[in-house]
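Welcome, and thanks for taking a look at this structure. Below is a short tour, grouped by topic, to read alongside the model.

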Amino acid sequence: MVRVQVPATTANMGPGFDTLGMALKLYNIIEIEETSGDLVIDVEGDGADLIPRDQGNIVYIAAARVFKLRGYSPAGLRIKIINNIPLARGLGSSASAIVGGLVGANIISGSQLSEKELLNMAVDLEGHPDNVAPALLGGIVVSTTDDGEVKYCKIDPPVKLKCVVAVPDFQLSTKLAREVLPQSISISDAVFNIGRTAMLVTALIKQDFSLLSTAMEDRIHQPYRANLIPGMKKVFAAARLAGARGITLSGAGPTLIAFCDDNTNLVASVMKKTFGESGIRVRVMTLEPNPVGAVAFNLMK
Ligand code: HSE
């Protein structure tokens, strides 16, 4: 049996749409075991009732891709998923399932695929690299694709960075959150985001939090997604007043994530209260950035 611990992730980080992502210290556990029987999938934890137990399960789909590529045919599989990452909330739950399935199946089939090959497969399954790259590699990852191949650069998260997440009690599918985006944007909005993305990466490397409030602004996706998340703009304003250095949608939302150095308790309570004023109940958590990506334990030996 192989056990894989995969971190949650926050994608986009404001302006870095489909490009920037960071791993967080919150984990899903995915176990995969080759058996002589049929496919058996057990799920525990957040959203367990909503996760398919058949061949439509994303951990299974990812694992089956690896087995097919390797020409490996397990008779049966037992998959267990312990889901601690809130489901369909913008914290990389599907990326964790994909990465867990790929990494686990690679070990079962003889560990022949490289990290790069696994990353390319993960991006192919997810459609964009900004969650799967930090889920696999840890840290903050800048990633892009070139001729179908993922190119990435990893940055260590600033040591003092703390993230307050407010997770609404409703799900938002990435598909829907992408459907509201325009097909094209103006040159001025493109320049707005290019400048801020470059500034954000530089500020994170230099650990200069004073630039984050400007550097985490965005005009490519958040303005269009705001209507899907009641109270979003008010929570942004209130969190900044409470001392958050920057605040953004986490991935496609609906979770909001505030980057802080201190004041995390105040920021958390203000985000909860302000969401509540718009009728949205949230769970708040303070999470640290995670320099480490997926970790696998081979229990077959
Ligand atoms: N970059 C993606 C988006 C992340 O914003 O749609 C979703 O997981």
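This is a predicted model: local features need pLDDT of at least 70, side-chain atom pairs count only at pLDDT 80 or more; totals for chains, interfaces and linings use all residues.

**Backbone details**

- Asp18 sits in the loop that runs between strand 1 and strand 2.
- The phi angle of Asp18 is near 65°, which is a positive value in a residue other than glycine.
- Ser111 also has a positive phi, near 55°, and is likewise a residue other than glycine.
- The loop between helix 2 and helix 3 is where you will find Ser111, and this residue is partly exposed, with a relative accessible area of 44%.
- Gly253 and Pro254 are joined by a cis peptide bond, with omega at about 10°.
- Pro254 belongs to the loop between strand 8 (246–249) and strand 9 (256–260).
- As background to these details, most residues other than glycine have a negative phi, and most peptide bonds are trans.

**The nonpolar core**

- The largest nonpolar core contains 41 residues, and those with the most contacts inside it are Ile32, Leu102 and Leu119.
- Several elements give two or more residues to this core, among them strand 1 (2–11), strand 2 (20–35), strand 3 (39–45) and helix 3 (115–126).
- Helix 2 provides the largest share of this core, with 9 residues.
- Setting aside neighbours within four places in sequence, Leu102 is in contact with Ala62, Val66, Leu118, Met121, Ala122 and Leu125.

**The largest pocket**

- How much space lies in the largest pocket? The volume is about 640 Å³.
- This pocket is lined by 40 residues, and the closest to its centre are Ala88, Ser93, Ser94, Glu126 and Thr174.
- Helix 1 (58–70), strand 4 (76–83), helix 2 (93–108), helix 4 (129–137) and helix 5 (174–179) each supply at least two residues of the lining of the largest pocket.
- Helix 2 gives the largest share of that lining, 4 residues.
- By residue type, the lining of the largest pocket divides into 16 nonpolar, 17 polar and 7 charged residues.

**The second largest pocket**

- The second largest pocket has a volume of about 150 Å³.
- Among the residues that line the second largest pocket are Met216, Glu217, Asp218, Phe236, Arg240 and Ile247.
- Helix 8 (222–225) and helix 9 (232–241) each supply at least two residues of this lining, and helix 9 gives the largest share, 4 residues.
- The lining of the second largest pocket divides into 6 nonpolar, 1 polar and 4 charged residues.

**The cysteines**

- How many disulfides does a search of the whole structure find? The search finds 0.

**A few single residues**

- Ala11 lies in strand 1 and counts as buried, at 1% relative accessibility.
- Beyond neighbours within four places in sequence, the contacts of Ala11 include Leu20, Asp130, Asn131 and Leu249.
- Ala11 and Arg283 are 272 residues apart in sequence, and their C-alpha atoms are 19 Å apart in space.
- Asp146 has its place in strand 5 (residues 140–146) and is partly exposed, with a relative accessible area of 44%.
- The C-alpha atoms of Asp146 and Ser93 are separated by 25 Å, with the two residues 53 apart along the chain.
- Thr274 is found in helix 10 (residues 264–277). Is Thr274 buried or exposed? At 9% relative accessibility, Thr274 counts as buried.
- Leaving out neighbours within four places in sequence, Thr274 is in contact with Lys234, Val235 and Ala238.

Definitions and conventions:
Residues are numbered from 1 along each chain as its sequence is written. Side-chain values use heavy atoms; hydrogens and water are left out. On a 1 Å grid over the protein atoms alone, a cavity is a set of points where a 1.4 Å probe fits but cannot get out, and a pocket is an open set with protein on both sides within 12 Å along at least five of seven lines; lining residues have an atom within 4 Å of a point. Grid points are joined across faces, edges and corners, and a volume is the space filled by probe spheres set on the points. Ala, Val, Leu, Ile, Met, Phe, Trp, Tyr, Cys and Pro count as nonpolar, Asp, Glu, Lys and Arg as charged, and the others, Gly among them, as polar. Buried means under 20% relative accessible area, exposed over 50%, partly exposed in between (1.4 Å probe, protein chains only). A nonpolar core is a set of buried Ala, Val, Leu, Ile, Met, Phe, Trp, Tyr and Cys residues joined through side-chain atoms within 4.5 Å. Contact means heavy atoms within 4.5 Å. A disulfide is a pair of cysteine sulfur atoms within 2.5 Å.
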